[in-house]
Amino acid sequence: MRLTGTSHSQARLAQACPPPPRRRVATCKASTPTGVSEPSSNTTPVVHDGRVPLLQTLEQFVRPKQYIEKVLSGHKWAWGRGGVPPKECLYMADPTAARTWLNSEDQLGIKTQYPYAFRTILGDTSIAMVQNPELHQRLRQIMLPYFTTDAIQRLVPDIQATVQKHLARWAAADKPVSAYKGAKKLTFDVMANHALQLGLSDAEVDEYSEVYKTMVDGFKPPAINLPFTAFGKGLKARQQLVQRAEAALSNPDIPPGGLLARFRDEWGPTSDTATNNIINLLFAGHDTTSSAITYMLWLLGTHHEVMNKLREEHAAVQAKYGQRHIPSLAAVPYTAAVLKETLRMSQIIGAIPRVATQPLQTPGAPTVPSGCPFAVVLFAMSDSDPAVAADKQSFRPERWLDPANARSLAQHQMPFGVGQHYCIGSNLAQAEMTAFVAQIALHYSIEVESNTKWNAFPLLQPDNGLPTRLQQLSSASTWSA
C-alpha cells in the first residue's frame, strides 16, 4: 500500500491539477508551481520538484521506498509521479500537516485514492476503500466494538493457544520452515477463527491462506484481467473467497453476537458490502501482521542481546504470576518497545494515498487544489524523527524507553495511521505480536537466515521466505537466540 492512487477522471485531474514547471522549485513564494499555490500562512514550505523521467517511475513497483525517497530528496513536500499510469502527485512528509488533514478528512473533503487493482480486489464498499463518508462511519461503528482493548483481551487466551499450535509445528519440522509462510497461516487462523468466527478447519486455514496470497499478488500491475496475469488470478482467488464468505454468512449456526452475525444482520448474507468487508478484514488483519511478525523474528534472530532481554522479562513475569498468566503490554515494557521498534523499522504501510476533492488550505502547508492526489509518506516522517534520525537503521528498542524521546516519537511515528482511518485492528495486531514474542522467549531458541533481502511491494516480505529453525528450550538451557 505504498503507491499513490490514480484519479477516477484523468481529464478532470489534468485540468484541476496540471503539472508543475520542469525547473526545480526553491519555495512556493519564490516560484509557485502550477497546481500548488501559495501557502496559507507566512511560513513558506519548500515544494521540491522530484519528478523523474517516466521510465524511472517503474521503480515505485519494485522499490517503492527508494522511489519515494528519491522524489522527496529530504524535503517535506515534493512533486512526483505515482500510480498507473504515472500522474502528478504531491508527496508530503510533514507530521503536523498530516495529522491536521487525516484527523479531518470528511470536513476537508479528502477521499481515499487507492489504485484500481486495490479497489477492485478489496471491493469499493470495503472499509479501506469506501469513499462514501456515511458508509465509512457506519462500518467503523459496527466493527470497532469487536476490536477494542477489552474485546481483544478476551481473545488473548485463544490467540495464545493458536500461536502455540503453529510454533509447535515449526519446531517439529525436520528442516527450516518459511517463517513468512508460517506467519501468514498463523495470523489468518487468528483473524478467521477468533475475530471473525468463520470456523475454518486447519486444512481450510492452509487452503485459504494460499488463496489469499494469490489474491494479494493481484495488486501487482498491470491491472489487466486475463487468466495468466497476476490481476486475473487475483480476481479469481477473490471469487473463491466471496463464495466462502457467503457460505459463512448463510450458516444458520453463526455464533450470535459476533461480527459475522452483525454483518449478516446489517446487510444480508449475499451483500457485496458484507463480503467485501470480510475480505478486507482478512487481508488487513493477517497480511500486514504476518509481515510485521516475520520482520520481528528476523530482527530477534540477528540481535541476540535483545532476545535475551525478552527472555529475562517474560521469565520474571511468569515467575511472579505463574505459567498460565498472559501478560498485557503494560506488564512487559521491553516487549512493548520491541514491538514499536519493529513497526518503526518495517513500515508495513509506507504511504497513505489520498485525493483532495476541494481546495486544502492549511497554515504551514501549500494550498492543494481540488482534484489533486497526494500521498502522506509515513516512513519519511518516521525517518525524520529526531529520536531516530541519527541511527534509523539500528534496531534499538531502548529508544522507546527513554522519556526524552516520548514527545518526538509520538509526533513522528504512525504505524497504524491516524485519524478516522486509523487501523481498527491495531489492538489485535499487537496482541498477536505479544503472544508470539512470549512463546519464543519462554520456549524456543531461534535460527534465521541473516542474509535475507526484503521486498516492499505489495507488502513487506522476505525474498527467501526467511528460513527459520526453532528448537524447544529445556529448563536447563542457557539463554541465547
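Modeller: Two strands are said to pair if DSSP finds at least two bridges between them. This is a predicted model, and the pairing described here is computed from it. Strands of a sheet pair through backbone hydrogen bonds, either parallel or antiparallel.

The sheet is open and has 6 strands in the order S1-S2-S3-S7-S6-S4, with mixed pairing. S1 (47–49) and S4 stand at its edges; each has a single partner strand, so one side of each is left without a neighbour in the sheet. Direction ignored, neighbouring strands are turned by 40° against each other on average.

S1 and S2 are parallel and share 3 bridges. Within this pair, aspartate 49 has tryptophan 79 of S2 as its bridge partner. Helix H3 (residues 64–72) packs on the sheet and touches S1, S2, S3, S6 and S7. The direction of H3 makes about 135° with that of S2.

Next comes the pair of S2 (residues 77–82) and S3, which run antiparallel and are joined by 6 bridges. One of the facing pairs is glycine 80 with cysteine 89 in S3. S2 and S3 form a hairpin with 4 residues between the strands, and there glycine 83 takes a positive phi near 90°. S3 itself (residues 87–92) is mostly covered, with 6 of its 6 residues buried.

Methionine 92 has valine 376 of S7 as its bridge partner.

S7 (residues 373–377) is in turn joined to S6 by 5 bridges, and this pair is antiparallel. Here alanine 351 stands opposite valine 377 in S7.

Buried means under 20% relative accessible area.

The last pair is S6 with S4 (residues 110–112), which is antiparallel over 3 bridges. Isoleucine 110 stands opposite alanine 356 in S6. S4 is one of the edge strands, so one side of S4 has no neighbour in the sheet.

Technical notes:
Residues numbered from 1 in each chain as written. Predicted model: local features only at pLDDT ≥ 70, side-chain atom pairs only at ≥ 80, totals over all residues. Heavy atoms only, no water. Helix = DSSP H or I, 4+ residues; strand = E, 2+ residues; numbered from the N terminus. Buried < 20%, exposed > 50% of the residue type's maximum accessible area, 1.4 Å probe, protein only. Axes fitted to C-alpha atoms, helices over the stretch in contact; angles between N-to-C directions. Contact = heavy atoms within 4.5 Å.
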